[in-house]
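Dear colleague,

Here is the structure I said I would pass on. My notes follow below it.

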Amino acid sequence: MEPKRILVVGCGAMSRAWIKHVQGRSDAVIAGLCDLSLAAAQKRAKDEGLDCPVFDDLARALDRVAPDVVFDITIPQAHRQVVTAALAKGCPVFGEKPMAGNLADAKAMVAAAEAAGKPYAVMQNRRYLKGIRALRGLIAAGAIGEPSFITADFFIGAHFGGFRDEMENPLLVDMAIHTFDQARFITGADAVEVSALAFNPKGSWYRGDAAALCQFRFANGALFSYRGSWCAEGANTSWEAAWRVCGTRGTAIWDGGPSPWADVVAKEEGFTRPTSRVEAPKDWAGREGHEGCLDALFQSLSDGKPPETDCRDNVKSVAMVFAAVESARQGGAWVKVG
Ligand SMILES: NC(=O)c1ccc[n+]([C@@H]2O[C@H](COP(=O)([O-])OP(=O)(O)OC[C@H]3O[C@@H](n4cnc5c(N)ncnc54)[C@H](O)[C@@H]3O)[C@@H](O)[C@H]2O)c1
C-alpha cells in the first residue's frame, strides 16, 4: 500500500515530535509543510532533513499536495480555520490540543467533521502513558470501590515565551485541557457543572490568568477538584499532575510517574481502618506520549473506527475548559458544562 501523504500545518516547536513520528513509520510520509511564516516551514524542512514542498498558504498547500491526512499543529486560535479547510477538502485531520480557542469553534469543528464524513481526532498524549493506563485499570477493576472525590494538583513554572504569554487563560485553555481530559479518562465519567476561579499570581510572567481553582461535579455524583498554576516556581509537580482518587473502599495515588498505587481497606475495625497496599498492574504495552497517541490515530484510520480522542469525545473535555473559563468570568458561579 502507498504510504499516506501528510501535510503538516504549523511548523513551530511541537511539529518536531509529529514529524519525527512520521519519519519512524513505513506507512506515512511528510508530503508538504505549511506555516504562515514561510521561513518557519523552510527551517523545519531543513532541520528535519525533509525534501518536500513548503507553503505559506493553506488553500494552495491543500490543492498542490492533495494530502491523505492533515496535521494541524498551529496555535489554538487557528485550529478551527485549518481543520475546517482540510475537512472541506475531504481530508482527515489529526490536530493538537486544545481543539479550539472557544467552545463554539470546537462544536463547529465537530459539525464540520460530521458533515464531511471524515475523522478529526485530537492529540491527548497524556492519556498514553503507562502510569495513567495503570491507574485507570486499577480504578476500573474496583480496587478502591466507587470513586467519589478526585483531586489533581498541577504546579509548574513554565517560561515558554510566545503565544501562551499573550492568552487570556493560558493555564485553563492550553494546559488544563490535558488534566480535565485525564480526569474523564481516569474515572470514565463526564463533568456536568463547574465552579472556578482563575487568577494571575503575583510575579506571574503571563498576561492572562496563569492559575486556577476549579471544582467539577461529574454525572455519577463524583467531585473533581483541580488546583493549578503555570507560574509556580519550585517544588513542581509532574506535567501529568499529582492525583488522589478517594473511593468507597480506599484511595489511589498517582504522582504522574509509572507506578500508581492504592491503599485499600483490609479489615472493618479500628478508628482508622487498616489498609493494604495495592500496586496498579502495568499491562499496557503501547508507546507513550505523542508516539502512543499517533499510533492510535493511524490505527484508527486503518480500522475505520473512531479513536478514543475523536473530536466527538474530546469536545466533552473542551467543554469542561470553557465552562471553567465562564465560571471564572462570573466570579466562581456554578456553570453547566457544554
Ligand atoms: N500535546 C502537548 O503536550 C503539547 C505541547 C506543546 C504544544 N502543544 C500544542 O501544539 C500547538 C502548537 O504549539 P507550539 O508550541 O508548536 O507553538 P509555536 O508557536 O511554536 O508554533 C505554532 C506555529 O503555527 C504557525 N501558525 C499559526 N497560525 C497558523 C495558520 N493559520 N496557518 C499556518 N500556520 C500557522 C505559527 O506561525 C507557528 O510557526 C498548540 O495547539 C499547543 O497547544 C501541545
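**Cysteines**

C91 counts as buried, at 3% relative accessibility (buried is under 20% relative accessible area, exposed over 50%, partly exposed in between, with a 1.4 Å probe and protein chains only). The sulfur of C91 lies 13 Å from the closest cysteine sulfur, in C34, which is too far for a bond. The structure holds 0 disulfides, a disulfide being a pair of cysteine sulfur atoms within 2.5 Å. C11 is in no disulfide, and its nearest cysteine sulfur, that of C34, is 7.1 Å away. C11 is also buried, with a relative accessible area of 3%.

This is a predicted model, in which local features need pLDDT of at least 70 and side-chain atom pairs count only at pLDDT 80 or more, while totals for chains, interfaces and linings use all residues. Residues are numbered from 1 along each chain as its sequence is written, and side-chain values use heavy atoms, with hydrogens and water left out.

**Sheet**

Helices (H or I, at least four residues) and strands (E, at least two) are DSSP runs, numbered from the N terminus. An open sheet of 9 strands has mixed pairing and the order β14-β13-β12-β11-β7-β10-β9-β8-β15; strands pair if DSSP finds at least two bridges between them. Its edge strands, β14 (275-279) and β15 (335-336), each pair on one side only. Strand β13 (residues 261-265) runs antiparallel to β14, joined by 5 bridges, and A262 stands opposite V278 in β14.

Regards
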